[in-house]
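Try each task yourself before you read its solution.

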Amino acid sequence: MNNIIKCINLHKSYQNGDSSFNILKKISFELKKGDIAGIIGESGSGKTTLLHLLAGLDTPTSGDILFNGRLFSSMSSNQMSKFRNVELGFIYQFHHLMLDFNVLENVAIPLLISNKSKKESEEIAFNMLKKVHLEEKIKKYPSELSGGERQRVAVARAFINKPSLIIADEPTGNLDSYNTNIILNLIFQLNFDCNTSFLIVTHDPDLIKKIPILFQMKSSQLFNYKN
């Protein structure tokens, strides 16, 4: 089986009194190992809701999500939490770093959560920070970094457990063109090095041009935009 993730007829609706409001309707798609795919669409079209479903942070009203052939609906809450920590990495528009922890500690957090020793976690974190060219900043705190540097720390943290899939929500949304290019190059390099799959929500025209698989969210449904 080569699919990393497969969605089958996903539907998400919310009840508002006697009315039902559809956020997602009949969403079916799949990503293969190593794919980089993007989702575009207007604000409020359901993109973030879909990412929350794929991360197991919310549940669909109906339909199925399979990750490496395993149904999300078959997992307990503890299994889902472990799955998110090990199999998924997250990059957001805002870095969400822990302000009271230095760069090395921020990147090591997912490893510590998975019960690796402090020494091993920091060794792995240091090697990952070398990949994003921040090894000289390991003792700095987020407030001492530029916006681009903070986002590179967030990328390193997302990759620290060598996840199968990275989910990114507007990862370059707060960056200038220089730092956007740095983040894009990191994404494609780490994809090449680790064969990690990416699903990226973006409005960034430079990123849209480079993503090989693109979907468009429109009228609560997902359509192929280009391949």
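**Exercise 1. Find which residues L88 touches, leaving out those up to four places away in sequence, and decide whether L88 is buried or exposed.**

Solution. Keep in mind as you start that this is a predicted model.

Step 1: Locate the residue. L88 belongs to strand β6, which covers residues 88-92.

Step 2: List the contacts. Once residues up to four places away in sequence are set aside, L88 touches L54, A55, F67, F83, P163, L165 and I167.

Step 3: Look at one of these partners in detail. I167 is 79 residues from L88 along the chain, yet their C-alpha atoms are separated by 7.2 Å.

Step 4: Judge the burial. Buried means under 20% relative accessible area. L88 has 4% relative accessibility, so L88 is buried.

**Exercise 2. Now classify the ring pair of F159 and F198, and say which elements hold the two residues.**

Solution. 

Step 1: The ring centres of F159 and F198 lie 5.8 Å apart and the planes meet at 45°, so this pair is tilted.

Step 2: F159 is in helix α5 and F198 is in strand β8, so the pair ties together parts that are 39 residues apart in sequence.

Step 3: Both F159 and F198 are buried.

**Exercise 3. Work out which residues touch the most other members of the largest nonpolar core.**

Solution. 

Step 1: Begin with the general idea. In soluble globular proteins, nonpolar side chains tend to be buried together.

Step 2: Turn to this structure. The largest nonpolar core has 36 residues, and those touching the most other members are V107, L129, V153, F159, F198 and I200.

Step 3: Trace the elements involved. Two or more residues of this core come from each of β3 (36-40), α3 (103-113), α4, α5, β7 (165-169), α6 (177-194), β8 (197-201) and α7 (205-210).

Step 4: Zoom in on I200. Apart from neighbours within four places in sequence, I200 is in contact with I36, A37, G38, I39, A168, P171, I187 and L207.

Step 5: Check for another core. A second, separate core has 32 residues, including C7, L24, L53 and L199.

**Exercise 4. Count the salt bridges in the whole structure and compare the surroundings of some of the partners.**

Solution. 

Step 1: The search finds four salt bridges.

Step 2: Start with K12 and D58. Their closest N and O atoms are 3.2 Å apart. K12 is in strand β1 and D58 in the loop between α1 (47-54) and β4 (62-67), and the two are 46 residues apart. K12 is buried at 8% relative accessible area, whereas D58 is partly exposed at 25%.

Step 3: Go on to K137 and E149, whose side chains meet at 3.5 Å, N to O. K137 lies in the loop between α4 (118-131) and α5 (147-159), and E149 in helix α5, so the pair ties together parts twelve residues apart in sequence. K137 is partly exposed at 27%, and E149 is buried at 15%.

Step 4: Finish with E30 and K32, where the closest N and O atoms are 3.5 Å apart. E30 is partly exposed at 34%, and K32 is partly exposed at 36%.

Step 5: Find a residue that touches both. The contacts of N3 beyond its neighbours within four places in sequence are E30, L31, K32 and N68. N3 lies in strand β1 (residues 3-16) and is buried at 16%.

**Exercise 5. How many disulfides does a search of the whole structure find?**

Solution. 

Step 1: The search finds zero disulfides.

Step 2: C7 is buried at 2% relative accessibility, while C194 is partly exposed at 32%.

Conventions:
Residues are numbered from 1 along each chain as its sequence is written. This is a predicted model: local features need pLDDT of at least 70, side-chain atom pairs count only at pLDDT 80 or more; totals for chains, interfaces and linings use all residues. Side-chain values use heavy atoms; hydrogens and water are left out. Helices (H or I, at least four residues) and strands (E, at least two) are DSSP runs, numbered from the N terminus. Buried means under 20% relative accessible area, exposed over 50%, partly exposed in between (1.4 Å probe, protein chains only). Contact means heavy atoms within 4.5 Å. A disulfide is a pair of cysteine sulfur atoms within 2.5 Å. A nonpolar core is a set of buried Ala, Val, Leu, Ile, Met, Phe, Trp, Tyr and Cys residues joined through side-chain atoms within 4.5 Å. Rings of Phe, Tyr and Trp (its six-membered ring) pair if their centres lie within 6.5 Å; planes under 30 degrees apart count as stacked, over 60 as edge-to-face and the rest as tilted.
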